[in-house]
Amino acid sequence: IILDLMAGIYNYDEKNVWTYVRVVNDTLITGYRQTNGWARTRTVYFAMSFSKPFVNYGQENYDGKQPYRGFWRKFDQSKNFPEIAGKKIRMYFDFKTAEAEKIKIKFALSSVSQGNALENMQAEIKGWDFEKVKTEAQKSWNTELNKIKIDAPEDIKVNFYTAMYHTFINPTVYTDVNGQYKGLDQDTHTANGFVNYSTFSLWDTYRALHPFFNIIQPARNNDMVKSMMANYNQSALHMLPIWSHYSNDNWCMSGYHSVSVIADAIMKGVYNGDPNEALNACVMTAKHRDYEGIGSYMDLGFISAEKSGISVSNTLEYAYDDWCIAQLAKKLNRQDVYNEFLKRSENWKNNYNSATGFMQPKLANGTFKDKFDSMSTEGQGFIEGNSWNYSFFVPHNPT
């Protein structure tokens with residue numbers, strides 16, 4: 001059995017920062033892998049247990065560039081050596097097996113430590129009954145999927161419940177069984193009174209997924225908002241998550257859509273935390289001038305084409321988020337905040353060209369950029385879309 005600590009879906013030569021493996025005994029190993037790139041300080045700890053003892057093991061280190069290896073060379077680390085470290089490692093484990101004999105593996109993860117990964121494994125899968133684990137997982141999923149029942153032909157049911165299953169995959173639980181998780185500050189925290197979540201791909205989920213959760217998964221969405229607030233409190237930039245993942249923010253896509261999710265959860269009575277604290281976090285995030293053209297947006301009422309290649313997308317997304325902040329402020333009787341952000345929510349008008357009927361990029365001098373093409377997705381101020389798509393994105397003022 002080969003443990004490949006080099007492979008990944010998105011691979012490149014310098015992705016691995018470091019990997020470590022400790023052979024605890026002849027059925028258990030622990031370790032971690034740290035990578036750079038998407039989530040630049042992503043460290044995943046693991047525990048791996050075999051159902052049968054291995055008789056030999058070893059490793060191959062493919063990193064020939066490491067200039068200094070210390071005095072570990074005193075040992076033969078290639079075979080049966082219990083502590084392995086390096087950037088590019090593959091390990092093997094040999095077993096004495098009969099014909100067609102199966103060896104089972106249990107594998108658990110943690111963001112905090114090898115010990116927590118082992119504790120997760122021992123708590124979540126106590127034995128080696130594969131069918132029992134499979135049945136329990138199916139039962140758990142069926143409980144969730146049965147929250148909506150439809151009467152339809154079998155092929156439509158398959159499509160519907162497959163899509164529903166997909167909606168529940170992310171965001172992901174990012175908490176060990178003892179309540180610990182690694183925060184955005186890279187320190188260990190304990191989630192008190194909530195389950196901590198990660199994988200907030202908010203540009204993809206704020207429109208429909210989180211409002212859907214408020215209806216069918218309100219307790220989970222409450223925990224997700226609390227996770228966003230924990231993220232804010234741990235952030236060195238004092239911002240709510242934009243696209244958070246593995247104790248990092250990847251700053252991907254347009255908008256600051258945590259505010260949309262938070263406002264919706266509070267307005268619908270789902271969030272049971274401090275609403276004023278949440279509103280303050282929304283305001284602080286929306287006023288972070290040096291993030292993605294917000295300063296220009298605040299000063300000019302739009303983001304200039306010279307400032308950003310996705311200036312129109314950002315202005316439109318920000319305007320909607322600002323409207324959400326305004327509605328939350330109104331509910332909490334914060335009139336000054338309401339007035340400020342309701343005015344900001346009208347900034348979409350500054351990118352609307354009444355002469356063409358389209359949203360268009362504007363230059364800093366207030367004129368529309370020339371060579372406009374409503375069908376093009378390149379150089380027109382939009383991300384993953386064109387003006388035909390985005391000209392309809394004023395959900396808070398559809399008329």
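These are my notebook entries on a predicted model of one protein chain.

**Entry 1: the whole chain**

I started with the overall picture. The chain has twelve helices and 17 strands. Along the principal axes, its C-alpha atoms fill a box of roughly 75 × 55 × 40 Å. I then looked up burial: of the 399 residues, 47% count as buried. I also checked how far along the sequence the contacts reach. Taking contacts between residues at least 6 apart in sequence, I found that 64% join residues at least 24 apart.

**Entry 2: α7 against α8**

Next I turned to helix packing. Two packed helices are described by the angle between their axes and the distance between the axes, so I looked up both. For helix α7 (residues 258–267) and α8, the axes come within 10 Å and cross at roughly 160°. Angles over 145 degrees count as roughly antiparallel, and α7 and α8 are therefore roughly antiparallel to each other. I noted the crossing of α7 and α8 as left-handed.

Which residues make the contact? From α7 they are V259, I262 and I266, and from α8 they are P275, A278 and C282. Sorted by class, the contact of α7 with α8 has six nonpolar residues, with no polar and no charged ones.

**Entry 3: α8 against α10**

I stayed with α8, which spans residues 275–286, and looked at its packing on helix α10, residues 311–331. The angle here is about 150°, and the axes are 10 Å apart. By the same cut-off of 145 degrees, α8 and α10 are therefore roughly antiparallel to each other. The crossing of α8 and α10 is left-handed.

On the α8 side I listed L279, C282, V283 and A286 as the contact residues, and on the α10 side D322, I325, L328 and A329. This contact divides into seven nonpolar residues, no polar ones and one charged.

**Entry 4: aromatic pairs**

I went through the rings and found 29 aromatic pairs in the structure. I picked out Y57 and F93: the ring centres are 6.3 Å apart and the planes sit at 25°, so I have this pair down as stacked. Y57 lies in strand β5 (residues 56–61) and F93 in strand β7 (residues 89–94), so the pair ties together parts that are 36 residues apart in sequence. Are these two buried or exposed? Y57 counts as buried at 9% relative accessibility, and F93 is buried too, with a relative accessible area of 1%.

My other pick was Y206 with Y320. Their ring centres are 6.0 Å apart and their planes are at 40°, so this pair is tilted.

Most residues other than glycine have a negative phi, and most peptide bonds are trans, so I went looking for exceptions.

How are N170 and P171 joined? By a cis peptide bond, with omega about -5°. P171 is in the loop between α3 (154–167) and β9 (172–173).

Q186 is not a glycine, yet it has a positive phi of about 70°. I placed Q186 in the loop between β10 (180–182) and β11 (188–190). Its relative accessibility is 31%, so Q186 counts as partly exposed.

E384 also has a positive phi, near 50°, in a residue other than glycine. E384 is in the loop between β17 (358–359) and α12 (387–390). At 63% relative accessibility, E384 counts as exposed.

**Entry 5: Q66 and K87**

Last, I looked up Q66, which is in the loop between β5 and β6 (83–86). Q66 counts as partly exposed, at 22% relative accessibility. What separates the C-alpha atoms of Q66 and K87? The separation is 8.7 Å, with the two residues 21 apart along the chain.

Definitions and conventions
Residues are numbered from 1 along each chain as its sequence is written. This is a predicted model: local features need pLDDT of at least 70, side-chain atom pairs count only at pLDDT 80 or more; totals for chains, interfaces and linings use all residues. Side-chain values use heavy atoms; hydrogens and water are left out. Axes are lines fitted to C-alpha atoms, for helices over the stretch in contact, and angles run from 0 to 180 degrees between N-to-C directions. Helices (H or I, at least four residues) and strands (E, at least two) are DSSP runs, numbered from the N terminus. Angles under 35 degrees count as roughly parallel, over 145 as roughly antiparallel, 65 to 115 as roughly perpendicular and the rest as oblique. A crossing is left-handed if the near helix is turned anticlockwise from the far one by less than a right angle, and right-handed if clockwise. Contact means heavy atoms within 4.5 Å. Ala, Val, Leu, Ile, Met, Phe, Trp, Tyr, Cys and Pro count as nonpolar, Asp, Glu, Lys and Arg as charged, and the others, Gly among them, as polar. Rings of Phe, Tyr and Trp (its six-membered ring) pair if their centres lie within 6.5 Å; planes under 30 degrees apart count as stacked, over 60 as edge-to-face and the rest as tilted. Buried means under 20% relative accessible area, exposed over 50%, partly exposed in between (1.4 Å probe, protein chains only).
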